[in-house]
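The sequence and structure are shown first.

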Amino acid sequence: MGALRYNIALAVANILFGVSFSVYVSLLQGAVHYEQMFAMQLLFSMALFTPAAMLQRGFFRLTLDDFGSIFIVALLVIFGWWYMLMMGASYTNPIDASTIATIGPIFTLITSVIAHARKAKRGEKIGVFVALLGVAVIMFDRGRVLVGDGGEGYGNALVLCAVVAIAVNTVLIAPVLRRHGTMVVMGWYYLIGAVLALPLLIQEVSTISHLELSTMEWGEVGYILLFGSALPMYLLYIGSEHLTATHTAVYRYIQPIVATILAVMRGQSTIDRTNIVGAVLIFSGMLCVILSTPRAERTAEEITHE
């Protein structure tokens with residue numbers, strides 16, 4: 001039952017993330033600016049997790065090395081993942097964004113290879129190339145200019161930067177999660193993020209109070225604050241703390257399925273040739289990477305997570 005619980009946590013986290021792509025686009029291309037959404041999300045998550053984390057025994061017992069790791073993770077998650085993702089969502093569509101997000105395990109692999117100074121296997125190299133080719137198809141088909149033009153290509157480039165940040169975070173945070181637990185780690189990095197973003201938070205709080213949103217839009221804001229960020233991130237860490245990187249990678253493919261269904265139903269986007277070709281290449285690359293990992297290595301990885 002223990003393993004099933006963590007698998008369910010990963011599945012639910014990715015369903016919620018998938019829904020959030022559609023909700024982000026709805027809000028950020030409408031009545032809410034991405035910096036306002038970022039401020040609300042950060043303040044809410046800090047208020048939810050940091051007080052609870054302070055009640056944990058290990059909250060004030062971090063080593064300097066662990067604090068340094070969490071500080072870096074705070075930069076990657078709060079400013080790399082959240083801020084860049086919201087900025088990107090204000091330009092692109094849910095189907096592209098959620099499909100690009102599935103490339104995360106590829107960058108996790110690259111980071112792991114660099115961090116552990118090991119050589120990538122031939123199958124891993126082929127898989128990385130094919131998956132990155134899939135991302136390139138999506139990005140460049142939406143616009144040749146990826147920096148500063150405010151089009152879909154620019155939005156997708158920002159989403160890719162966010163995905164790279166969360167992938168690097170996955171490698172760095174795993175040892176700290178096992179030593180201190182999910183609640184302590186998240187409590188600290190939301191607190192660190194809020195302190196670093198304090199000037200922006202002060203500036204945006206006054207603008208948030210003047211937002212004129214419909215009941216539906218306030219409901220979407222509420223979804224993002226609880227079910228689109230704080231809860232799925234917690235469930236993702238819980239699952240990642242106890243299961244393998246392979247599990248995390250496989251469950252990630254729930255996101256584009258959910259996001260695509262919602263985007264089509266809400267009229268936000270349609271499935272086209274670019275989405276299909278990009279998704280097939282990314283999935284094929286991931287499959288190639290997983291199959292190229294010897295069974296003995298996968299077994300060893302499972303043992304370290306037990």
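The model is predicted. Its largest nonpolar core has 94 residues, and Met37, Tyr189 and Met233 touch the most other members. Helix α1 (residues 2-28) contributes the most to this core, with 13 residues. In soluble globular proteins, nonpolar side chains tend to be buried together.

Leaving aside residues up to four places away in sequence, Tyr189 touches Ile70, Val73, Ala74, Val77, Ile78, Met233 and Tyr237. Tyr189 also belongs to one aromatic cluster, together with Phe49, Trp82, Tyr190, Tyr234 and Tyr237.

Aromatic pairs number 15. One of them joins Tyr34 and Tyr83 in an edge-to-face arrangement, with 5.5 Å centre to centre and 75° between the planes. Tyr34 lies in helix α2 (residues 34-54) and Tyr83 in helix α3 (residues 64-89), so the pair ties together parts that are 49 residues apart in sequence. Both Tyr34 and Tyr83 are buried.

Helices α8 and α9 pack with their axes 5 Å apart, at an angle of about 75°. They are therefore roughly perpendicular to each other. The table lists the two sides of this contact.

| Helix | Range | Contact residues |
|---|---|---|
| α8 | residues 182-196 | Ala194, Val195 and Leu196 |
| α9 | residues 198-208 | Leu198, Pro199 and Leu201 |

By class, the residues of the contact of α8 with α9 comprise 6 nonpolar, no polar and no charged.

Methods: Residues numbered from 1 in each chain as written. Predicted model: local features only at pLDDT ≥ 70, side-chain atom pairs only at ≥ 80, totals over all residues. Heavy atoms only, no water. Axes fitted to C-alpha atoms, helices over the stretch in contact; angles between N-to-C directions. Helix = DSSP H or I, 4+ residues; strand = E, 2+ residues; numbered from the N terminus. Parallel < 35°, antiparallel > 145°, perpendicular 65-115°, else oblique. Contact = heavy atoms within 4.5 Å. Nonpolar A, V, L, I, M, F, W, Y, C, P; charged D, E, K, R; others polar. Core = buried A, V, L, I, M, F, W, Y, C linked by side-chain atoms within 4.5 Å. Buried < 20%, exposed > 50% of the residue type's maximum accessible area, 1.4 Å probe, protein only. Phe/Tyr/Trp six-rings, centres within 6.5 Å; stacked < 30°, edge-to-face > 60°.
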